[in-house]
Amino acid sequence: TVTILKSGTATIRAFLSSSTNYTEGEKTITVTINKATPTITFNGFSRTYSPGGTFSIPAATSNSDSIFSYSVNSGTDFISISGTTVTILKAGTASIRAFQSSTTNYTEGETVVSVTIDRAIDTLTTSQSIFYKKFINGAIILFNVISSNAGIVSRIHESNNTSVVSIPSSSSPSATIVGPGKTTIKVTQPQTTNYQEVTNNN
């Protein structure tokens with residue numbers, strides 16, 4: 001039985017003692033212990049977009065003791081990597097390469113996994129929530145968006161009762177009073193590169 005200690009080259013000597021009819025004899029052979037291929041475990045994952053957000057890469061594991069290095073394999077528009085820290089650039093799909101150098105007993109190894117940066121849920125707040133106005137025909141109600149992580153984007157504004165309040169243009173953050181009564185004004189912010197569609201009802 002041969003016990004393997006490490007990769008490399010060794011020789012084995014087979015020896016036969018002399019007998020009544022034969023002299024002693026021997027034979028030497030070379031045996032090579034090749035480096036093994038590392039078994040790497042590294043699974044794909046997802047994170048949610050945040051401006052300038054960072055996170056640590058979930059560590060890859062291996063039966064080799066070589067230290068892993070990580071790099072962006074594809075999708076440099078979406079993430080960047082420094083050491084084991086990922087910086088989020090925008091929502092989308094990228095891939096990360098985990099690489100191990102060769103060691104005494106293992107060859108080099110690598111694997112590539114997918115990482116998805118999901119769109120975030122935006123916070124949409126308007127300058128008016130529940131509001132009351134004295135009926136003045138033709139008066140204007142303003143409800144500008146004052147809080148949104150998505151910044152300046154085109155939004156859609158709708159009144160569910162146009163006999164009370166009408167909105168001259170769906171892109172306009174103002175409404176015109178038409179008659180007394182009650183209505184709900186719905187503001188919809190369409191999906192953007194980094195944020196999901198979001199609505200706000202006033």
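Reader: How many salt bridges does the structure hold?
Author: This is a predicted model, in which local features need pLDDT of at least 70 and side-chain atom pairs count only at pLDDT 80 or more, while totals for chains, interfaces and linings use all residues. Residues are numbered from 1 along each chain as its sequence is written, and side-chain values use heavy atoms, with hydrogens and water left out. A salt bridge is a side-chain nitrogen of Lys or Arg within 4 Å of a carboxyl oxygen of Asp or Glu. The number of salt bridges in the structure is 2.

Reader: Which residue meets E26 in a salt bridge, and in which strand does that partner lie?
Author: The side chain of E26 pairs with that of R13 at 3.1 Å, N to O. Strands (E, at least two residues) and helices (H or I, at least four) are DSSP runs, numbered from the N terminus. Because E26 lies in strand β2 (residues 25–33), the pair ties together parts that are 13 residues apart in sequence, the partner being R13 in strand β1.

Reader: How many helices and strands does the chain have?
Author: The C-alpha atoms fill a box of roughly 130 × 25 × 20 Å along the principal axes. Within the chain, the count is 0 helices and 19 strands.

Reader: What radius of gyration does the chain have?
Author: The radius of gyration is taken over C-alpha atoms, and the globule rule is 2.2 Å times the number of residues to the power 0.38. A compact globule of 202 residues would have a value near 17 Å, but the chain has 34 Å.

Reader: Which residues of the largest nonpolar core touch the most other members?
Author: A nonpolar core is a set of buried Ala, Val, Leu, Ile, Met, Phe, Trp, Tyr and Cys residues joined through side-chain atoms within 4.5 Å. In the largest core, of 21 residues, those touching the most other members are F42, Y70, I96, V115 and I117.

Reader: Which residues does T192 touch, and is T192 buried or exposed?
Author: T192 is found in the loop between β18 (185–189) and β19 (198–201). Contact means heavy atoms within 4.5 Å. Not counting residues up to four places away in sequence, T192 touches R119, A150 and V153. With a relative accessible area of 19%, T192 is buried.

Reader: What accessible area do V2, I4, I12 and I29 have together?
Author: V2 is placed in the segment before β1 (8–16) and is exposed, with a relative accessible area of 64%. Patches are made of residues with over 30% relative accessible area and no salt bridge, like charges being joined within 9 Å and nonpolar side chains (Val, Leu, Ile, Met, Phe, Trp, Tyr) within 5 Å. Areas come from the Shrake-Rupley method with a 1.4 Å probe; for residues, only the protein chains shown count as cover. The four residues form a nonpolar surface patch, and their accessible area together is about 380 Å².

Notes:
Buried < 20%, exposed > 50% of the residue type's maximum accessible area, 1.4 Å probe, protein only.
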